[in-house]
Structures are given as C-alpha cells and as structure tokens.
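Please have the 3D view open as you read.

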Amino acid sequence: METVFVNGELMDRKEAKVDIEDRGYQFGDGIYEVVRVYGGKTFTMKEHMERFYQSAEKIKLHIPHEMDELTGLINRLIEANSIHDGIVYLQATRGVASRQHHFPASDVKGSVVAYTKEVPVPQSQMDQGVTVKLIEDVRWLRCDIKSLNLLGNLLAKEEAASEGHFEAILHRGDLVTEGSSSNAFMVKDGVVRTHPATNLILNGITRRVIRDVAGSEGIPFQEDTFTLDELLSADEVFIASTTSEVMPVVKIGERLVGEGHPGAVTRKLQGAFRKRIEQEAPVAH
C-alpha cells in the first residue's frame, strides 16, 4: 500500500481526499517542490525546503508546519514507502474556502500534501544527450515563485514532446530564459553561462549545485543573459533539473550543438555533480 502525507497525517493513498473547493484545485493558489532521493536519502533537502517557504512567503501563504517538523514528516514518508532512487512531491495550497478571487479569512488553514515515487536516474539520456525545441516564453513574470500555475510550461513541454524532443528551451524575444521544467546553460570557449536568477526564471536547486561545483572544478561560470544566436553557436548546451541532473543537449531543433555529442565541460560537470551526490547521500549509486 502506498503511503501519502495529507495535512499532518501519513495515510493510505486510497484514503486521501482533497476538497473540491481547495484553492489549489480551483485557482492554482499554491506552491510545490520536488526533492530527489538517492539510495533512500534526500539530496539538497534543506535548500528545497528553504525555497518552499520562500515561495510561500512571496504569495502570502502560511504553511501550518514549522520547517523542521515538515522535513521530519517527509523523511518518515520516504521511509514508509521504502523509496530508493526517486522523488518526493510536496505541495501547499491556501486551503479550502468558498470560491472568491481575493484571499479568504486568515483563519482558513492551508493544505499540505506529499507523495513519493520511484524515479530512476536517466543515465542513458545523460550519456547520449537529448534534443530540444526553442519556444517563445509566454509565462507570467514571477517565474521565481515555484507556484502551481504551470499551464505555460505545460504547453511548451507538450509542443516539444509532440515532436519527439526531451525539453523546450524558452526565450523572451531574443533572450533565452530557461527550459519548461529545467534551467538552461550554454558553454562557449570553456565558460558556462546561464540566465541570472531574476523573476524571469526559477533559481533551480540543481542550478545552484552546478554553480558551486563549477567553482570547485575551476570552470568559469557566468550568470548573464545570452541570445538565441549565442545559444545556437555554443560549443556545448545542457539543461539541469532535480530529475535530469546535468543533461547534455546535442541538438536544438534540426541544428547540432557542437559536434553533436556531449562536450567535455558538460561531462566534467556531470562527474562533479555525481561526487556532490555521493558526499550528501553516501549510499547513492
């Protein structure tokens, strides 16, 4: 039986219920996080939880659990489901209230749910690289909040996936922002570049780890904007997310990236990222 977390309790998934007037269901009025589990241990849990509470603060949402308490409950959930290599999905909404656009009274209690799932590391794709499609970024202007309002992301991902691509890389006019569910990076002359952590992208946890390991490996790392032409003339391109780690991009549309295979800088970052995982989750493989 699969165990889930619903508003302070661990229970069988069949018993879990969400009210039809939950504001997450009706308005997307909530936030979420996805935390990676390697070998039964969470990776960058603290960073994910901090961002979760930061997102809540940005939309004036009260989470009815202290961070340490919620972290402990999530760890219990992982243990209950014997998750080895997978994820925890965590979501909070403003709770259940009569449908109205403005926020409900302050005594309405937020809803918090979580579940786990086995998700293997996509090793073959990380070894061979993936293809992406360029799509105009039509999302709202607060992409720094990890909110439930993902329709723009979904439309981009679906367009890319329907044509056989792994991901959509988004751009606002001529400037590249990020992927539909990832951060985007380019490498030119050995220098890694990615969009700065503004309101136009989500400051990914994996993105932050890559920045750190790049520094430890002596790889120049710049957070600045770059254009579509710069992306298309890059020596290497990769994307990064909680589930994709450091994922090489070998083709953008019909155009090869570099020589059409994962590059040396990307490979070095993959190795450094794996070392970081092994440091934090020693039993990972």
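## A charged network

Asp137, Arg139, Arg172 and Glu178 are linked in a network of salt bridges (a salt bridge being a side-chain nitrogen of Lys or Arg within 4 Å of a carboxyl oxygen of Asp or Glu). Asp137 sits in the loop between S7 and H5 and Arg172 in strand S8 (residues 167-172), so the pair ties together parts that are 35 residues apart in sequence. With a relative accessible area of 4%, Asp137 is buried (buried means under 20% relative accessible area, exposed over 50%, partly exposed in between, with a 1.4 Å probe and protein chains only).

This is a predicted model, in which local features need pLDDT of at least 70 and side-chain atom pairs count only at pLDDT 80 or more, while totals for chains, interfaces and linings use all residues. Residues are numbered from 1 along each chain as its sequence is written, and side-chain values use heavy atoms, leaving out hydrogens and water.

## Other salt bridges

The structure holds 21 salt bridges. In one of them, the side chains of Lys133 and Glu159 meet at 2.9 Å, N to O. This pair links distant parts of the chain, with Lys133 in strand S7 (residues 130-136) and Glu159 in helix H5, 26 residues apart. Helices (H or I, at least four residues) and strands (E, at least two) are DSSP runs, numbered from the N terminus. Lys133 is buried at 17% relative accessible area, whereas Glu159 is partly exposed at 33%.

Lys251 and Glu254 form another salt bridge, with 3.9 Å between the closest N and O atoms. Here Lys251 is partly exposed at 27% and Glu254 is exposed at 72%.

## Two packed helices

How are helices H6 and H8 placed relative to each other? Helix H6 (residues 205-216) packs against helix H8 (residues 264-280) at an angle of about 105 degrees, their axes 10 Å apart. Axes are lines fitted to C-alpha atoms, for helices over the stretch in contact, and angles run from 0 to 180 degrees between N-to-C directions. H6 and H8 are therefore roughly perpendicular (angles under 35 degrees count as roughly parallel, over 145 as roughly antiparallel, 65 to 115 as roughly perpendicular and the rest as oblique).

## A buried loop residue

Ser244, in the loop between strand S13 (236-241) and strand S14 (245-252), is buried at 9% relative accessibility. Its C-alpha atom is 6.7 Å from that of Pro122, 122 residues away along the chain.
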